[in-house]
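I set out to record what I looked up in this structure, entry by entry. Each entry takes up one part of the chain.

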Amino acid sequence: RIIDVNRQRRRAVGSIRSVLKEERKAEEARRKDEKRFSRIFERLKEYKIIVDTNVFMDAAEDSNTAPETVALSNWFFERIGKHGVKLHILVSQLNELAHINKGDDQQKKYKARNAQRTIEALQDEGLLILLGDATDRARYADAEIIKVARKFAKGNHKLIVLTNDKDLKIRVNSIDGVYCMSMPELYESDVKDDKQRRIKLHGATPQENAEDFEWVGNDDVIVY
C-alpha cells in the first residue's frame, strides 16, 4: 500500500505492514459474518419457512434487478444446502412460474426458468416441501400464502415467510404468530443474544395439528 510519494525523486513509499493489517481486519470480519450466518441458519431449522416466488426469481441476474438483490437470493440458497434448512413452497407458486413461462416477457421467463431449476435442485436435495393439492391450478400465490400462514398459526406452528414483496409482508405480519421478513432483513439479522439485533421469530412450539393438515407420504407434500 502506498503511504507517501516523493515526486522530486520519483519514488513511492509503500507499507507491507499496512496491507497485512487490512487483510487481517477483512479476515476477522469474514469470520464474524460466518459465525453470525451459522447462528441464523441453525435457528431457522427450528421453523417452517415459506419462500415467496420473487425470492427464487431474484436469484437470476437481469437489467431490472439490483445486483445486491441477486446476490442476497443466491447467498440464501447456497446456505440452505450447507445447513440443511428445509423450505416450503405452494403448488400455486409452481403454477405462477408456469404461467410466466407462457407469457411474452423474455426477462421474466428467464427468471422463472431459473427459479424452476432452483426449486428442482432443492427438491432433489430433500430440502423442499410442497404445500397444497398437486392438481390445484390456482396461479396467484399471495392469497394462498396468507391462507396457509393462517393455518400454520392456528396449529401453533412456528412460521417465517420470506419475501421481497412489501405488500405481502404487511399482510402476513398482521397474522399473530407469523413473522414475515425480506432477504436484506434476514441477512442483517442476528440470533446470538437479546442484546444484539436478532430475527424477531414468533410462534409457539411446533406441533402437528391433524385437523388443519394431512401429512402425505414422506413429508414431501402437505395437503391442506
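**Entry 1: A60.** I began with A60, which I located in the loop between helix 2 and helix 3 (67-83). I note at the outset that the model is a predicted one. Is A60 buried or exposed? Its relative accessibility is 3%, and the limit for a buried residue is under 20%, so A60 counts as buried. I then looked up what surrounds A60. Setting aside neighbours within four places in sequence, I found A60 in contact with V70, Y110, K111 and N114. One of these, K111, is 51 residues from A60 along the chain, yet the two C-alpha atoms are separated by 5.5 Å.

**Entry 2: the whole chain.** I next turned to the chain as a whole. Its secondary structure comes to eight helices and nine strands. Of the 224 residues, 42% are buried. I also looked up contacts between residues at least 6 apart in sequence, and 67% of them join residues at least 24 apart.

**Entry 3: helix 4.** How many residues of helix 4 are buried? I found that eight of the eleven residues in this helix (residues 91-101) are buried, which leaves the helix mostly covered. I listed the buried ones as V91, S92, Q93, N95, E96, L97, I100 and N101. These residues pack against several elements, including strand 3 (48-51), helix 2 (53-57) and strand 4 (87-90). Helix 5 (106-124), strand 5 (128-131) and helix 6 (141-154) also belong to the elements they pack against.

**Entry 4: R139.** I found R139 in the loop between strand 5 and helix 6. With a relative accessible area of 33%, R139 is partly exposed. Beyond its neighbours within four places in sequence, R139 is in contact with S92, N95, E96 and H99. R139 and H99 lie 40 residues apart in sequence, and I recorded 7.3 Å between their C-alpha atoms.

**Entry 5: strands 4 and 5.** I looked up how these two strands are joined. Strand 4 and strand 5 run parallel, with four bridges between them. For I89, the bridge partner in strand 5 is L130. Which way do the residues of strand 5 point? L128 and L130 point one way, I129 and L131 point the other way, and all are buried. I noted the general rule beside this: in a regular strand the side chains alternate between the two faces of the sheet.

**Entry 6: nonpolar cores.** The largest nonpolar core has 35 residues, and F76, L87 and L186 touch the most other members. Helix 3 gives the most to this core, with five residues. Another core, of 16 residues, lies apart from the largest one, and I50, I145, I146 and I175 are among its members.

**Entry 7: a pocket.** Helix 2 and helix 4 each supply at least two residues. By class, I recorded five charged, two polar and two nonpolar residues in the lining.

How values were computed:
Residues are numbered from 1 along each chain as its sequence is written. This is a predicted model: local features need pLDDT of at least 70, side-chain atom pairs count only at pLDDT 80 or more; totals for chains, interfaces and linings use all residues. Side-chain values use heavy atoms; hydrogens and water are left out. Buried means under 20% relative accessible area, exposed over 50%, partly exposed in between (1.4 Å probe, protein chains only). Contact means heavy atoms within 4.5 Å. Two strands pair if DSSP finds at least two bridges between them. A nonpolar core is a set of buried Ala, Val, Leu, Ile, Met, Phe, Trp, Tyr and Cys residues joined through side-chain atoms within 4.5 Å. Ala, Val, Leu, Ile, Met, Phe, Trp, Tyr, Cys and Pro count as nonpolar, Asp, Glu, Lys and Arg as charged, and the others, Gly among them, as polar.
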